[in-house]
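Thanks for asking for a second pair of eyes.

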Amino acid sequence: MMRLIGMMDSPYVRRVAVSLKLMGLPFTIKSVSVFRDFDAFARINPVVKAPTLVTDDGIALMDSTLILDHLERLAPPERRLTPDDLHDHARSQRILGLALAACEKTVQIVYETSLRPEEKQHQPWLDRVWSQVRAAYRLLDIEIGTGDGWLFGVRPLQADVTAAVAWRFTKAMLGDAITTAEHPHLARLSERAEALPEFLALPPE
């Protein structure tokens with residue numbers, strides 16, 4: 001059985017875990033922190049990158065997007081999370097790009113403000129990253145539309161999953177700096193996704 005290595009407080013780990021559930025692929029989770037359990041993680045993947053997915057035949061994959069690309073090849077066609085239509089695929093990729101950029105910039109802000117001593121923080125850099133995360137969420141909210149339905153049909157696909165996971169992660173990390181009032185469509189989509197059994201089974205830790 002495949003093993004997913006990482007903590008659910010990472011949006012990258014969580015998007016893979018939720019996707020595995022939605023795809024109906026059997027897996028186990030090994031909660032190992034890249035910070036607290038560095039040596040234990042290194043024994044599984046010396047690069048110590050979360051998520052790591054260990055395949056049935058023992059190959060350690062890393063990077064959530066690459067892992068999900070592999071999983072698409074394992075899932076039955078009716079459970080895959082990528083649109084077949086070329087236009088829908090391009091739009092899905094745009095949404096994924098925006099959501100992943102928002103995650104990346106959120107992480108940079110958290111690292112800069114939480115791990116670096118205050119006297120060594122670089123405010124111009126922080127201002128730039130804040131502008132990027134705000135732009136990503138502003139554009140993502142526009143792409144979501146009304147937020148009343150799933151983005152590409154009757155069930156959530158990867159764009160829905162990643163947008164919802166990204167939003168919850170940023171709200172948890174940055175709070176009211178990124179407001180629900182300014183991003184109502186995204187907030188509505190995320191709220192609906194978080195009510196699904198696949199999301200409820202994998203809450204952020």
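This is a predicted model: local features need pLDDT of at least 70, side-chain atom pairs count only at pLDDT 80 or more; totals for chains, interfaces and linings use all residues.

1. I would start with the nonpolar cores. The largest one has 57 residues, and those with the most contacts inside it are Leu4, Leu20, Leu71, Tyr137, Leu140 and Phe199. Two or more residues each come from strand 1 (2–5), helix 1 (11–23), helix 3 (64–74), helix 4 (86–114), helix 5 (123–144), helix 6 (158–174) and helix 7 (184–194). Another core, of 6 residues, lies apart from it, and its members include Ile5, Val32, Ile44 and Val48.

2. Beyond its neighbours within four places in sequence, Tyr137 is in contact with Ala102, Ala166, Trp167, Thr170, Ile178, His183 and Leu186.

3. Helix 7 deserves a look down its axis. Its buried residues are Leu186, Ala187, Leu189, Ser190, Ala193 and Glu194. They lie on the same side of helix 7, because the arc they cover around the axis is only 165 degrees. Among the elements that cover these buried residues are helix 1, helix 5, helix 6 and helix 8 (197–200). Do note that Ser190 and Glu194 are in this buried set too.

4. Next, Phe41, which sits in helix 2. Is Phe41 buried or exposed? Phe41 counts as buried, because its relative accessibility is 0%. Leaving out neighbours within four places in sequence, its contacts are Ile5, Gly6, Val32, Ser33, Val34, Val48, Lys49, Ala50 and Thr52. Of these, Ile5, Val32 and Val48 are also among the members of the 6-residue core. For a sense of distance, Phe41 and Arg3 are 38 residues apart along the chain, and their C-alpha atoms are separated by 13 Å.

5. Phe35 counts as exposed because its relative accessible area is 56%, which is over the 50% cut-off. Together with Tyr111 and Leu115, Phe35 forms a nonpolar patch on the surface, with about 350 Å² of accessible area for the three together.

6. Some backbone details are worth checking by eye. Most residues other than glycine have a negative phi, and most peptide bonds are trans. The peptide bond from Ala50 to Pro51, however, is cis, with omega near 0 degrees, and Pro51 belongs to the loop between helix 2 and strand 3 (52–54). Val48 lies in the loop between helix 2 and strand 3 as well, and its phi is positive, near 55 degrees. With a relative accessible area of 12%, Val48 is buried.

7. Asp63 is another non-glycine residue with a positive phi, here about 80 degrees. Its place is in the loop between strand 4 (60–62) and helix 3. At 28% relative accessible area, Asp63 is partly exposed.

8. Finally, Ser64 is part of helix 3.

Key. Residues are numbered from 1 along each chain as its sequence is written. Side-chain values use heavy atoms; hydrogens and water are left out. A nonpolar core is a set of buried Ala, Val, Leu, Ile, Met, Phe, Trp, Tyr and Cys residues joined through side-chain atoms within 4.5 Å. Buried means under 20% relative accessible area, exposed over 50%, partly exposed in between (1.4 Å probe, protein chains only). Helices (H or I, at least four residues) and strands (E, at least two) are DSSP runs, numbered from the N terminus. Contact means heavy atoms within 4.5 Å. Patches are made of residues with over 30% relative accessible area and no salt bridge: like charges are joined within 9 Å, nonpolar side chains (Val, Leu, Ile, Met, Phe, Trp, Tyr) within 5 Å. Accessible areas come from the Shrake-Rupley method with a 1.4 Å probe; for residues, only the protein chains shown count as cover. A salt bridge is a side-chain nitrogen of Lys or Arg within 4 Å of a carboxyl oxygen of Asp or Glu. The arc is that of the directions from the helix axis to the C-beta atoms.
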